[in-house]
Protein chains: 4
Amino acid sequence: MINVGVIGYGYWGPNLVRNFADLPNAEVVAVSDLQLSRLESVHRRYPGTRITADYREIIRDPTVDAVIIATPVSTHFEIAREALSSGKHVLCEKPLTHTIPQADTLINLARQHNLTLMVDHTFVYTGAVRKIKQLLSEGTIGRLLYFDSTRINLGLFQHDVNVIWDLAVHDFAIMDYLLDAQPIAVAASGAAHVAGQPESLAYVTCWFEGGLMAHFSVNWLAPVKIRRTIIGGDTKMIVYDDLETSEKVRVYDKGINLISNPDDIYNMLISYRIGDMYAPSIDPTEALHVEATHFVDCIERGQAPLTDGHAGRRVVRTLCAAAASLAESGRPIELSAD
Amino acid sequence: MINVGVIGYGYWGPNLVRNFADLPNAEVVAVSDLQLSRLESVHRRYPGTRITADYREIIRDPTVDAVIIATPVSTHFEIAREALSSGKHVLCEKPLTHTIPQADTLINLARQHNLTLMVDHTFVYTGAVRKIKQLLSEGTIGRLLYFDSTRINLGLFQHDVNVIWDLAVHDFAIMDYLLDAQPIAVAASGAAHVAGQPESLAYVTCWFEGGLMAHFSVNWLAPVKIRRTIIGGDTKMIVYDDLETSEKVRVYDKGINLISNPDDIYNMLISYRIGDMYAPSIDPTEALHVEATHFVDCIERGQAPLTDGHAGRRVVRTLCAAAASLAESGRPIELSAD
Amino acid sequence: MINVGVIGYGYWGPNLVRNFADLPNAEVVAVSDLQLSRLESVHRRYPGTRITADYREIIRDPTVDAVIIATPVSTHFEIAREALSSGKHVLCEKPLTHTIPQADTLINLARQHNLTLMVDHTFVYTGAVRKIKQLLSEGTIGRLLYFDSTRINLGLFQHDVNVIWDLAVHDFAIMDYLLDAQPIAVAASGAAHVAGQPESLAYVTCWFEGGLMAHFSVNWLAPVKIRRTIIGGDTKMIVYDDLETSEKVRVYDKGINLISNPDDIYNMLISYRIGDMYAPSIDPTEALHVEATHFVDCIERGQAPLTDGHAGRRVVRTLCAAAASLAESGRPIELSAD
Amino acid sequence: MINVGVIGYGYWGPNLVRNFADLPNAEVVAVSDLQLSRLESVHRRYPGTRITADYREIIRDPTVDAVIIATPVSTHFEIAREALSSGKHVLCEKPLTHTIPQADTLINLARQHNLTLMVDHTFVYTGAVRKIKQLLSEGTIGRLLYFDSTRINLGLFQHDVNVIWDLAVHDFAIMDYLLDAQPIAVAASGAAHVAGQPESLAYVTCWFEGGLMAHFSVNWLAPVKIRRTIIGGDTKMIVYDDLETSEKVRVYDKGINLISNPDDIYNMLISYRIGDMYAPSIDPTEALHVEATHFVDCIERGQAPLTDGHAGRRVVRTLCAAAASLAESGRPIELSAD
């Protein structure tokens, strides 16, 4: 039985608490938040769970095995550092930290204390993304040509992070899981539509070795909700639409054929190919349930999670490169291997 | 009665011929194309129309009042120059030319000879785009915040132009018509997925005075067809989906409210606003019919067309800036006022 | 504070418990179910709530003010009768009973004991259906011409009721709320696709005074999920699509114009009318929350609920007529006013 | 070379003329219509085609091999009878006739004169319907359980036929082609929403030997356009949506599993099965082109067309049964084998 303490009960905290409470081998023993009304809500639903306004009570609590951090991004590093230093396993909301050195510090702390450090890259645990990973691993779509994601809607304005850190972070985490490669350059442009607030619309481009391009469109001020990723391969193409209730993942046998025609190179070089489409059935299990189970398993077995500190760090690296490009009006930023 | 000669009977030519043939005050007297089979097709459908493999026969024909140019982009300038020099009114496929000086030459020729020079920016003549123009003119959506367009599908690979010149040109023409402003900087990134061929995927960003951003995603290698433009304003937002059979244009009363709250500036500054959506009825007349009628009217009345040489030149200007950025790996290119 | 006991914790029970638990002026003091595993689930989530396998413990409990019945249809009457006889207010799942006399008995019991009897016609409490009611009340769509509903998907086979009692009951409840009229005849056809099981597919037609027709298509064996109701009026028409995340209700200014043309009566009598469409914003509050609040309010104020025993009885009346027609291979069954 | 005369140039005639004009082995030598403006339109588009207001000129013309009848339903029989009697092959718009005896007369005339009699059941020649036929023939979906079609939109009011004869006729023709069985009973209900006009909304149910049910919903007064047929089988299910630009036919590996569980027959009898979905690629050739080619082939080879007089008669038989039921307020009409 893993005793869990949850720090932060805002937008996402209730989902974390509910999923960990449902696990047979975990118990949510304590929840902290700065807002009294939220703690009262915890108390109504989970009378057996201790509540506190001081997260350090949770970190100091010797009965707590693992700490889940669902607080604003700016506080992740400090709370995670304290928790790891106090011998707690940590599951931290994405993005893990604001900077790469911070991520390195947490990774090192976890290794030194032999603790599990996991980042809540939730989408990695959805049936849809796991199915796409399987398709890519099996070579279904051939060589990757592009990765194109749109994640827009009328979103909650964040005051401490811009739309890239809030929305594109999901796509960077999905891309990190699906591709076995890291970007070598990143460019980002954006606009802040409310004076004095962070960017509410942004476009990010990533370049990879071998010509693969990834592009991300994120927007807090869109009238319609779109959650769609297109992954183009040279034999097939995948469309992942997270808003579809069924058929979230579609595999299209569409593309082009290159024809070597010595007589008419100019016109016959390229022809269409339109074959069948299929939509594999997707495991409908709630991602957070899969993830919570995985976290507890990793703690119990001492294994590295799928979305460990290194995955968290890689996502932070892309975020920081995008931030640097944004600050330079869209100039592409090169990333060295590290 | 305006006698029309059509040069080029490939993909678009048949539509041009059909629409001009349907006009009561125009007659398609001649069609030229380099491929014999296409000319035979003209003859089957329009036995009364002369056919020729030599476009100069049309240009020299004294009974021809106006020439319509539907040939590859690289030939537009030369044919249009000859036609205007021979005293023919010209309707030319988009983009008008490959360079700004070429466009200037054509504009000057038309002015000198007192001829109508019009560019076939077809979408400008659709009921949907004309309705959006009306909505913007009436101030329906308030101050413009962004213009975001996606135009992707499994497209015909062009050998002489890349996907920006083939697809984004439509969006640049729509944007030119809808906005009363020209971009001050343009950036473009793209990838060529077939060796030795032009870029088949590209992203273009335009910046305007006052913070307005426009973004264009174009792709010849997409498994699904998308034709969607979102125009965000600070009071309302428009979604234009050209693939919708009805409700192509939707106006969303969605956005944010800024609240001046001296007590809690941090949290209360921004709140959502979700009101009604409405989809105005759209004139279903075929755009090319509207456009053909307009061309003949402009000739007869000596008026400047909506999409005259200057509009064609502005679109070429944006295309050239995008090409320059593409050649510099996405570096934003600044445009001086001219 | 109203103390609530919930009988039945199967598919719908958890939603009822959650919503009543969230009310400030109600408390879920006890839950009963025949399956031990379900009761354990209650205990995990609501440690302060008593659990029992014997629903009569709840009915006899003097601290319980109101009983919520979420058991199979065949048990509704008996449990509701006992609860009302024991002085408990009752909120019962739909359909209220299997027969009209049973419904009459419950209505009379509630009146005699001065208790609130409410039926869980959930959809009546959705923002979408309430908005449609408002539109109809305001005369937005003119005279009603037809009511056409499709409710199909791969559904849970019920063993005690057929697809009409399981799915069409929702539509009958919505229709009862929206229309100020009762059917004068009902016909139903259906098929049982699993031997020995109830009908899994059915079509129901209702006729009203004045020519209004209603039609219902319900199916447990459909590969796609559809939840769509079209309400045709002689000036406008409404499409209610419950699967839309936004724009669930759309009002179309479409229809026909009748033209009196003495010269050409034959051809000019009818012309199309295609105007704007609009989608009013819909209150997104969870229907069960609205309903739970309404139930507690009605108890506290002694008012008749929107979906009282009479509404429940009217829905049972239509269900029984459909069942009678089904048994006679689709022969229309006339209903006398009562 | 088959010389074709087309009688009737209203809504559908232009499509027929265009497709036959495009055939290499057919020529449209004459077109007749009662409206002068339509004939002028023919002349503009096809200057080489003779035009006449008197269809008998076409029937008497010795150079005409085949007559295509695209006139109102009420005239089909007379014109077809005259044409066949004059030794012309006939392609007739659907429905073939108003009555079964009329259809019999035409079938006999064609046989006596050794002429091709074909009915324009256009949808039978679409790539989508031909693909479904192939899937059914290969046993892809197992035993057929139901056939459910919705064909609604804001339609052109017909003055001489009701919505069943105008819209459901398409579905009856598709069903006739796809199923190897004829209905044993038919019921139809409907409503006329304009006084003095035919029914503008109707529901038709067909029963077959073995329990198969078919249902048709047709409506001229719907605010949205729907063209969707669901064909349920006991192993897979097909959804045919004619409005989809791609993926018109989808095959769902969804259904139920029957489990023989001696320990818990009640609860375990039925479980869901949700597998992959796939959308086979569909031949995009225009149906009328396939059909025109087939008609000319059948004439040249002396073969019976896919949609011959017997197919036309079977569709008329179902239409007449629906009309009889409609006249008796929805009473099911039994059909004897014939």
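Helices here are DSSP runs of H or I with at least four residues, numbered from the N terminus.

Next I checked who touches whom. α1(A) brings N15(A), L16(A), N19(A) and F20(A), and α9(A) brings L288(A), H289(A) and A292(A); contact means C-beta atoms, placed from the backbone, within 7 Å. I get four nonpolar, three polar and no charged residues, with Ala, Val, Leu, Ile, Met, Phe, Trp, Tyr, Cys and Pro as nonpolar, Asp, Glu, Lys and Arg as charged, and the others, Gly among them, as polar.

**Domains**

I noted domain 1 of chain A as 2-122 + 287-307 and domain 2 as 124-284 + 318-334, bounds from an automatic or database assignment. Their C-alpha centres lie 29 Å apart. The contact takes 15 residues from domain 1 and ten from domain 2. On the domain 1 side, α4 (73-85) and α9 (287-301) each supply at least two residues, and α9(A) gives the largest share, four.

**Conventions**

I count residues from 1 along each chain as its sequence is written, with chains lettered from A and ligands numbered from 1 in the order written. As the model is predicted, local features need pLDDT of at least 70 and side-chain atom pairs 80 or more, while totals for chains, interfaces and linings use all residues.

Conventions
Two residues are in contact if their C-beta atoms, placed from the backbone, lie within 7 Å.
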